[in-house]
Amino acid sequence: MEFIFNPDLAPYFQLTLATLLGMLLGIERLLIGKTAGPRTYALVSMGSCLLTVISLTAANYYPVLSKADPVSIVASVITGIGFIGAGLIIFKGSKLSGLTTAAGIWVAAAIGIVVGFSHYLLALFATFLTLFVFTLMWNFENKIKKMVDKQPHHHNHEE
């Protein structure tokens with residue numbers, strides 16, 4: 001979908017949209033007390049969008065450059081975000097912490113990439129689904145955990 005008003009302004013719209021969608025995800029994380037909040041999510045989404053937009057621009061304007069491949073830029077972004085995510089995952093004793101935040105950062109990057117490829121409705125829908133997972137699925141997961149915790153624990157020694 002081409003930017004309706006002025007194609008020269010499309011990248012600015014894309015960066016703004018990616019930033020706002022990332023912020024939405026980060027606001028939810030902030031509200032439940034997670035360390036990665038709106039600024040982190042906004043920067044990850046906007047940065048991913050920026051790299052996608054510039055890689056598409058390079059591929060369009062400099063087709064003779066063999067390294068101007070938007071797909072490899074996207075793959076590099078996702079790999080880089082994996083390093084950020086790995087830094088967020090920690091063990092506190094025997095409890096794993098930060099996995100959902102790391103996954104959320106990864107999704108925020110993907111949303112930025114999708115906006116960079118001008119798939120705005122897909123980015124909006126992915127943001128909605130991510131918020132659904134962060135909120136409603138969190139409540140559902142906690143209810144299941146409480147039900148499991150109330151069950152008498154039977155140890156099966158035949159395993």
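User: Why are helices α2 and α3 called roughly antiparallel?

Analyst: In this predicted model, helix α2 (residues 38-61) and helix α3 (residues 70-88) pack at about 160°, with their axes 8 Å apart. Angles run from 0 to 180 degrees between N-to-C directions, and axes are lines fitted to C-alpha atoms, for helices over the stretch in contact. Under 35 degrees counts as roughly parallel, over 145 as roughly antiparallel, 65 to 115 as roughly perpendicular and the rest as oblique. α2 and α3 are therefore roughly antiparallel.

User: What makes up the contact between α2 and α3?

Analyst: Contact means heavy atoms within 4.5 Å. From α2 come Val44, Ser48, Leu51, Thr52, Ser55, Leu56 and Ala59, and from α3 come Pro70, Ile73, Val74, Val77 and Ile81. These residues divide into 9 nonpolar, 3 polar and no charged. Ala, Val, Leu, Ile, Met, Phe, Trp, Tyr, Cys and Pro count as nonpolar, Asp, Glu, Lys and Arg as charged, and the others, Gly among them, as polar.

User: Which helices and strands does the chain have, and in what pattern?

Analyst: The protein chain has 5 helices and 2 strands, in the order α-α-α-β-β-α-α. Both are DSSP runs numbered from the N terminus: helices are H or I, at least four residues, and strands are E, at least two.

User: What share of the chain counts as buried?

Analyst: Of its 159 residues, 29% count as buried, meaning under 20% relative accessible area (1.4 Å probe, protein chains only).

User: Which conventions apply?

Analyst: Residues are numbered from 1 along each chain as its sequence is written. Local features need pLDDT of at least 70, side-chain atom pairs count only at pLDDT 80 or more, and totals for chains, interfaces and linings use all residues, while side-chain values use heavy atoms, with hydrogens and water left out.

Key: Buried < 20%, exposed > 50% of the residue type's maximum accessible area, 1.4 Å probe, protein only.
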